[in-house]
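Open your viewer and get ready to select a few residues by number. We will go from stop to stop, looking at what is there each time.

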Amino acid sequence: MTLYGFNQSGRVINAFYGPAFAYLNGLLLLAVGTWYRYQIITSFLVFAVGGVGMYRAVHRFKVRGSIAVLVTIIYMTIGWLPRWQSGSNFTGIGAALMPYGILVACDMFYDKEKPTHWIKLTILMTVALEGHLLTALMYMAFLVPAWLYAIIKRENKRGILLNTLKAVLLTIFLTVNTLLPLYWMSKTNNLTPTATMRMLENAVHLKHTTVAFHPFRILTHNLRASLTFWLAYAFIVQVIYAIWTREESKANVVVSLYGGFWLLLASRLVEWDRITNHLPALARFIQFPSRFVCIAYPLLIVGLGLSFEHILHHKQKWVQIAAYASLGMLTFAAADCLVITLTSNAWAGYQNNVGRSRNTKFGEETQKTSSRKKKCKKKKKAMEDYGVYHPVKLDDRRKQALVDTKRGHPRP
């Protein structure tokens, strides 16, 4: 239980995000000496892992290097991947690892002799389970269609099933340090369940590119649950172009439509509130439909690379120049949005809760002012409306567990 971080919330972290991953981060923090250096190094590593994986995934579809580099930069500036730097969100780790799932899926589609490389699959799922549980579950949802395709289309069905079984058993063996505590927690937790979120409020929504009140915030960002209109239009045009050229590039239409499907699930076009009224467990388990962009964006980026590669085969020079210019502008806009957003966050104190945290001297000083208290109350009310704070009803069993915990561990 985390008693000193996360605003003394007592949240359980390692059972859900992997003990091995926690140990590695702890060793890195000890090696570099300060939290500041740790943040810089881990941010670089997450961007590098995500960028290399995305480049390899795009290049796997025989997209030329220049196009692969540009679309990879776009991927590194949108969605959840940059959220590791801006908010230490573990879903950023999942976004960095997701392109490697595309490489495994490519084997299932294209490798006729050995569609399921069980060692690759084991490494992929083991790293995902040790780093971020929800990422592993998204991998499963993402890989199932490719696996079913291999089962239906390939003749060596027995070999596919055997390799899959070996990967599953070895993954369970290697991640037992995560799975057993997770199982134990789910059976013995008497304090409070996972926070319930208002899923519709945490789904992807479109944002206008406008000049905000802050001097550095000129362009709206594409992080987490935000999607600018210009990037949404680019994805829509990409899907339409993939359908239009479906006879020439079947891979493009498959990845584009599949990516569009996950982006639709992540958006507010789905009536998530009505769904969670019938299936309330989803609001505690998935919490943020915007997490589905971790699957949608890599697929759409691959499709974007395939579309521009197809356009560059056009013989007319002006078409090729226009294609490079359009992709260059798209890449620049995505990168510029991220840089400006990070600058704006740094200008405003980076993390919103830092200014009112009682764990720091800065927080204690600012908490004394009445104006600050009023702002905090307004902000908390806004966050309640947004769905961040959601009350959890306590039954008698949970109330008694809280009383027993307080009696056994009195607050200093």
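Start by selecting Leu223, which sits in the loop between β1 and β2; helices (H or I, at least four residues) and strands (E, at least two) are DSSP runs, numbered from the N terminus. Before going on, note that this is a predicted model, where local features need pLDDT of at least 70, side-chain atom pairs count only at pLDDT 80 or more, and totals for chains, interfaces and linings use all residues. Residues are numbered from 1 along each chain as its sequence is written, and side-chain values use heavy atoms, with hydrogens and water left out.

Is Leu223 buried or exposed? Leu223 is buried, with a relative accessible area of 4% (buried means under 20% relative accessible area, exposed over 50%, partly exposed in between, with a 1.4 Å probe and protein chains only). Now show its neighbours: leaving aside residues up to four places away in sequence, Leu223 touches Thr77, Gly79, Pro82, Arg83, Ser86, Leu338 and Thr341 (contact means heavy atoms within 4.5 Å). Try the distance tool on Leu223 and Thr341: they are 118 residues apart in sequence, yet 9.2 Å apart in space, C-alpha to C-alpha.

Next, select Asn222, in the loop between β1 (205–207) and β2 (226–228). Asn222 is buried too, with a relative accessible area of 2%. Its side chain makes a polar contact with the side chain of Thr228 (2.8 Å). A polar contact is a pair of N or O atoms within 3.5 Å; within protein, one must be able to donate a hydrogen and the other to accept it, and residues adjacent in sequence count only if both atoms are side-chain atoms. Not counting residues up to four places away in sequence, Asn222 touches Ile78, Gly79, Leu227, Thr228, Trp230 and Leu231.

Now move to helix α3 (residues 35–60). How far apart are its end C-alpha atoms? They are 37 Å apart, which agrees with the 38 Å that its 26 residues should span; the expected span is 1.5 Å times one less than the number of residues. Colour the buried residues of α3, among them Tyr38, Phe47, Gly50 and Val58. Just after α3, find Lys62, with a positive phi of about 65 degrees.

Finally, zoom out to the whole protein chain, which has 19 helices and two strands. Buried residues make up 44% of its 412 residues. Among contacts between residues at least 6 apart in sequence, 70% join residues at least 24 apart.
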